[in-house]
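Please read the following explanation with the sequence and the model side by side. It goes from the chain as a whole to single elements and residues.

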Amino acid sequence: MKPAEGGSMMSAATKPVDGTTTSSTTSSAATPATADAGQTQVAQAAAPAAKVEVPQSEGEVDIAKLMAPGPLPEMSVGKADAKVTIVEYMSMTCPHCARFHNETYDAIKAKYVDSGQVRFVVREFPFDPRAAAAFMLARCAPEGQYFPMISMLFKQQEQWAAAQNGRDALLQMSKLAGFTQESFEACLTNQKLLDDVQATMQKGDKDFGVKATPTFFVNGKKYSGEMSVDTMSALIDSML
């Protein structure tokens, strides 16, 4: 079994690797990011302290249902009783997700998570076999290394997500995180782990209407598309 290549790894392989499931959702995923970038540029040009508008939510889900235990142990940072809980559904091959984690996440973590105001939860929503393989490897990483592994893979996304041989590229990335050839193979042939990653995606789709990545639920309110630091800060501030 070669999870990082081909279409046999999961049924989601028929979906495009652009952070959306269909062309109709491409605009819903990309538009908020474009708008946010524009807002930030306008704000900086007008006055550094200009207020950024809080984005409009696309609906709301039951928080108790959203936070109920899923197929996999929850991967989160921050206080369990934080006033604001952000749940992000993401795909490792999604460029929108990579930009959010490379440009926004660290600042939000430093400002709100580390101060105890926000709990940030990450959930797997892989659109293709390579994304699923990357999530599996992050889950197989030593305890406490899930988020560092995710961060490394997003920073190096172009090197493995678009590589001709994705499996070899992921192996090289994994060795930097301490994997051996044996532990790498054992992880990617763990059928139960693959099934649980897929089930997490299916639950997000069926129960919470996730159709594009990244999709955020902030205290149960749904927002699609990457956000700038200023936009997400404004959203969080409105709930504190």
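How many helices and strands does the secondary structure of the chain come to? The secondary structure comes to 11 helices and five strands, where helices (H or I, at least four residues) and strands (E, at least two) are DSSP runs, numbered from the N terminus. This is a predicted model, in which local features need pLDDT of at least 70 and side-chain atom pairs count only at pLDDT 80 or more, while totals for chains, interfaces and linings use all residues. Residues are numbered from 1 along each chain as its sequence is written, and side-chain values use heavy atoms, with hydrogens and water left out.

Of the 240 residues in the chain, 49% are buried, a word that here means under 20% relative accessible area, with exposed meaning over 50% and partly exposed in between (1.4 Å probe, protein chains only). Among the contacts in the chain with a separation of 6 or more, 79% are accounted for by residues 24 or more positions apart, contact being defined as heavy atoms within 4.5 Å.

The C-alpha atoms of Ser-76 and Val-121 are separated by 4.2 Å, although the two residues are 45 residues apart along the chain. When its neighbours within four places in sequence are left aside, Ser-76 is in contact with Arg-119, Phe-120, Val-121 and Phe-147. Ser-76 counts as partly exposed, because its relative accessibility is 28%.

Phe-147 leads on to helix H6, as it is one of the buried residues there, together with Tyr-146, Met-149, Ile-150, Met-152, Leu-153 and Phe-154. Because seven of the 10 residues of helix H6 (residues 146-155) are buried, this helix is largely enclosed by the rest of the structure. The axes of H5 and H6 come within 8 Å and cross at roughly 145°, where axes are lines fitted to C-alpha atoms, for helices over the stretch in contact, and angles run from 0 to 180 degrees between N-to-C directions. From H5 the contact is made by Ala-134, Phe-135, Leu-137, Ala-138 and Arg-139, and from H6 by Tyr-146, Met-149, Ile-150 and Leu-153. The residues of this contact divide into eight nonpolar, no polar and one charged; Ala, Val, Leu, Ile, Met, Phe, Trp, Tyr, Cys and Pro count as nonpolar, Asp, Glu, Lys and Arg as charged, and the others, Gly among them, as polar.

Which residues does a disulfide join? A disulfide joins Cys-140 to Cys-187, with an S to S distance of 2.2 Å, and a search of the whole structure finds one disulfide, the term standing for a pair of cysteine sulfur atoms within 2.5 Å. Because Cys-140 lies in helix H5 (residues 129-140) and Cys-187 in helix H9, the pair ties together parts that are 47 residues apart in sequence. The torsion about the S-S bond of Cys-140 and Cys-187 is about 90°, so the disulfide is right-handed. Cys-140 is partly exposed, with a relative accessible area of 31%, whereas Cys-187 counts as buried at 3% relative accessibility. Two further cysteines, Cys-94 with a relative accessible area of 1% and Cys-97 with 0%, are buried. Helix H9 (residues 181-188) is also the place of Gln-181, which is partly exposed with a relative accessible area of 33%.

Another pair of helices is formed by helix H4 (residues 105-113) and helix H11 (residues 229-237), whose axes come within 10 Å and cross at roughly 25°. H4 and H11 are therefore roughly parallel to each other, since angles under 35 degrees count as roughly parallel, over 145 as roughly antiparallel, 65 to 115 as roughly perpendicular and the rest as oblique. Their contact is made by Ala-107, Ile-108, Lys-111 and Tyr-112 of H4 and by Val-229, Met-232, Ser-233, Ile-236 and Asp-237 of H11, and these residues divide into six nonpolar, one polar and two charged.

Two details of the backbone remain. The peptide bond from Thr-213 to Pro-214 is cis, with omega near -5°, and Pro-214 has its place in the loop between helix H10 (191-208) and strand S4 (215-218). Asn-219, found in the loop between S4 and strand S5 (221-224), has a phi near 50°, which is a positive value in a residue other than glycine.
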